[in-house]
Amino acid sequence: MSNVRHDDTDTVRSNAIAFSEANAPAALLSSHSGSPSERADALEEHLIRRLDDVWIAKSILYASGDLDPSTVPSKVPPPGTRALMGDDPRLKKMSDAPTLAEFFHKRLMSKAHLLQSAKLALDSGHDEKVVLACLLHDIAVCGLIRADHGYWGEQLIAPYVSEEISWAVRTHQALRFFPDESVGYEYPESYVRWFGEDYELEPYIHEEYRQARKHRWYMTARLITLNDLYAFDPTVEVSIDIFTDIIGRHFKQPREGLGFDGSPSAHMWRTMIRPTRFL
Ligand SMILES: [Fe+2]
Ligand SMILES: [Fe+2]
């Protein structure tokens, strides 16, 4: 495979730190022996960091599930501190007019998965819109939120791509669960391991699939799932530079930068830029 390089150790180390921090609430829950209110304080403290006089509060969604959000009291910055309302100094600084490529470089985790999927579609000779759809299909998982990622991803990119591409990104979420012998797509073996043999799909996924089967863009979404299946290789990374021309032709990069162009999803890009803003 050309245009690949091995992951660097800094990335691996920072990913490990991020993983352990993300799981800290579970450790707190199991190890903290104080009263319920003391435990709630400890959990709530996990959502707050102080850097000198800057007070950084995470959204409850960061830890919801590891902790019960209804038990976490809301706090305001203590005297002598100010709430973070701008860039988080622990994150890579983004430019005033961020591009899609900049988000790949500075805000997306596991971007190798997106890049490998798109490279596979490119090498397979698929249409450029399919390549871009593969490049963006899990952008919500990688940069924003995992649950219902197809839907979040669709809304995130809709102002900047054709309706066919954003529709396909949404719909791949449901199609992943349904085989299609006509293109050689089988139910992922990994899903049996991850979700169990008895996992049952929710009704909205069945309905999404039913609607998609008769949709004129069905195959665009189906090709995402086809190129998605073989794309997991954590040891290699494809450069986004090989997609520069395709992005230029099919992604309407706003002059003001993603997050600052007033589009219906600008706030979602801004949240990725500054995920720990107090408000
Ligand atoms: Fe996905
Ligand atoms: Fe994927």
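Arg270 sits in helix H14, which spans residues 266-273, in what is a predicted model. Along the chain Arg270 and Gly259 are eleven residues apart, and their C-alpha atoms are separated by 4.7 Å.

A second residue of this kind is Lys58, found in the loop between strand E3 (54-57) and strand E4 (82-83). Lys58 is partly exposed, because 13 other C-beta atoms lie within 10 Å, whereas a count of 12 or fewer would have made a residue exposed. Although Lys58 and Thr276 are 218 residues apart in sequence, the distance from C-alpha to C-alpha is 5.3 Å.

The chain as a whole contains 14 helices and five strands, and 29% of its 279 residues are buried. When contacts between residues at least 6 apart in sequence are considered, 69% of them join residues that are at least 24 apart.

In soluble globular proteins, nonpolar side chains tend to be buried together. In this chain the largest nonpolar core has 47 residues, and those with the most contacts inside it are Ala118, Leu132, Ala133, Cys134 and Leu135. The elements that give two or more residues to this core are helix H4 (100-106), H5, H6, helix H7 (139-143), helix H8 (149-157), H9, H12 and H14. Helix H6 gives the most, with seven residues. For Leu135, once its neighbours within four places in sequence are left aside, the contacts are Leu114, Ala118 and Phe243.

Helix H12, residues 218-228, is mostly covered, with nine of its eleven residues buried. The buried residues of H12 are Thr220, Ala221, Arg222, Leu223, Ile224, Thr225, Leu226, Asn227 and Asp228, so that charged residues are found among them under a classification that counts Asp and Arg as charged. These buried residues pack against four helices, namely H5 (111-123), H6 (128-136), H9 (163-175) and H11 (203-213).

| Helix pair | Angle | Distance between axes |
|---|---|---|
| H6 and H9 | about 45 degrees | 9 Å |
| H5 and H12 | about 110 degrees | 9 Å |

The angle between H6 and H9 makes H6 oblique to H9, and the crossing of these two helices is right-handed. On the H6 side the contact is formed by Lys129, Leu132, Ala133 and Leu136, which meet Glu164, Ile165, Ala168 and Val169 in H9. By class, the residues of this contact divide into six nonpolar, no polar and two charged. Leu132 and Ala133, which meet H9 here, are also named among the residues with the most contacts inside the largest nonpolar core.

The contact of H5 with H12 has three nonpolar, two polar and one charged residues.

Notes:
Residues are numbered from 1 along each chain as its sequence is written. Chains are lettered from A and ligands numbered from 1 in the order in which they are written. This is a predicted model: local features need pLDDT of at least 70, side-chain atom pairs count only at pLDDT 80 or more; totals for chains, interfaces and linings use all residues. A residue is buried if 20 or more other C-beta atoms lie within 10 Å of its own, exposed if 12 or fewer, and partly exposed in between; C-beta atoms are placed from the backbone. Two residues are in contact if their C-beta atoms, placed from the backbone, lie within 7 Å. A nonpolar core is a set of buried Ala, Val, Leu, Ile, Met, Phe, Trp, Tyr and Cys residues joined through C-beta atoms within 7 Å. Axes are lines fitted to C-alpha atoms, for helices over the stretch in contact, and angles run from 0 to 180 degrees between N-to-C directions. Angles under 35 degrees count as roughly parallel, over 145 as roughly antiparallel, 65 to 115 as roughly perpendicular and the rest as oblique. A crossing is left-handed if the near helix is turned anticlockwise from the far one by less than a right angle, and right-handed if clockwise.
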